[in-house]
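Have the structure open as you read along.

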Amino acid sequence: MPVPPIALADAYTRLTEAFPGLDITQPPATEQLPRHGGWTPSAALAEGGPGLDTFLAWDDAQVRRDYGQPARPDVVASFGLHRYAWPVCLLITVPWFLLRRVPRFPVTHVSYDRTAPGLSIGRLAARPATFACLPGDPAATLPGARVVPDEEALRTEVRAAVAEHLEPVLTGFGPRMRRRGRALWGMATDELVEGLWYVAHLFGDGEQDRARRELELLLPGATRPYVGSAAFRELTGPNGESLPTRDRASCCMFYTLRPEDTCATCPRTCDADRVTKLLAAAS
């Protein structure tokens with residue numbers, strides 16, 4: 001039997017309230033996932049054919065419009081993968097973080113539309129195949145529930161669920177990019193970590209600090225296929241301020257368009273520049 005929407009609805013409602021640039025719906029099992037009018041089935045990205053061509057044409061047009069120049073095809077593909085993987089990871093990490101429930105989403109169970117007006121990230125239509133939860137969770141009696149013994153087993157489920165969804169997508173994107181294997185999984189690691197770390201700060205009440213602790217347990221290192229650890233660390237500002245940052249396992253390639261404008265977690269950004277960027281963001 002299909003997983004009822006109620007199993008995950010509270011997590012997605014809290015996410016979209018805190019972060020209204022992303023909308024998430026759970027279509028009933030009696031309906032097909034949307035695939036027209038701006039929607040791209042995730043399976044089409046995994047196939048790496050015309051569906052991926054159409055998807056990446058949006059990124060190519062955006063770069064030309066916003067920066068007045070074309071980007072290399074591999075850079076366009078890198079942008080497209082980042083813009084897909086970042087919100088898709090939230091489908092899995094947010095229910096884990098808020099409800100201790102970990103849904104599974106094969107690529108055939110998700111569709112994405114980033115053309116919807118008024119939504120900075122876009123819309124996801126996602127139908128979970130199953131979900132894992134802990135003993136004693138009231139949702140354990142729902143259809144599709146799989147009870148796992150403890151928190152570490154639940155973390156294993158998170159790693160497996162993200163990998164299950166992203167592995168075929170990375171295969172589809174791979175030929176469009178100069179990076180392969182470990183480098184692509186480095187990107188996946190960054191999207192997994194930075195998506196939850198960002199939205200947890202929007203939840204307030206110390207949730208970003210909790211997210212950091214949870215992510216450090218989720219990715220302590222040597223958790224293949226992911227690359228490295230969650231890689232958080234602290235920098236110190238000129239007045240002794242504590243400035244949390246992390247070391248990305250990959251680069252988004254934005255430097256190829258604006259070499260002087262890298263993000264605060266970019267491998268190309270030295271610590272002195274990171275401090276400047278973090279203080280500017282805080283102010």
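This is a predicted model: local features need pLDDT of at least 70, side-chain atom pairs count only at pLDDT 80 or more; totals for chains, interfaces and linings use all residues.

A231 sits in the loop between helix 7 and strand 8. Its phi is positive, about 65°, even though A231 is not a glycine.

The loop between helix 7 (207-218) and strand 8 (232-236) also holds P225. Take a look at the peptide bond leading from R224 into P225: it is cis, and its omega is near 10°.

Another positive phi in a residue other than glycine belongs to R100, with a value near 60°. You will find R100 in the loop between helix 4 and strand 3 (101-104). Is R100 buried or exposed? With a relative accessible area of 15%, R100 is buried, as the cut-off for that class is under 20%.

## How helix 3 meets helix 4

Two packed helices are described by the angle between their axes and the distance between the axes. For helix 3 (residues 50-67) and helix 4 (residues 73-99), the angle is about 110° and the axes are 9 Å apart. Helix 3 is therefore roughly perpendicular to helix 4, since that class covers 65 to 115 degrees. The crossing of the two helices is right-handed.

On the helix 3 side, the contact is made by F55, L56, W58, D59, D60, Q62 and V63; their partners in helix 4 are V76, A77, F79, G80, R83 and Y84.

Conventions: Residues are numbered from 1 along each chain as its sequence is written. Side-chain values use heavy atoms; hydrogens and water are left out. Axes are lines fitted to C-alpha atoms, for helices over the stretch in contact, and angles run from 0 to 180 degrees between N-to-C directions. Helices (H or I, at least four residues) and strands (E, at least two) are DSSP runs, numbered from the N terminus. Angles under 35 degrees count as roughly parallel, over 145 as roughly antiparallel, 65 to 115 as roughly perpendicular and the rest as oblique. A crossing is left-handed if the near helix is turned anticlockwise from the far one by less than a right angle, and right-handed if clockwise. Contact means heavy atoms within 4.5 Å. Buried means under 20% relative accessible area, exposed over 50%, partly exposed in between (1.4 Å probe, protein chains only).
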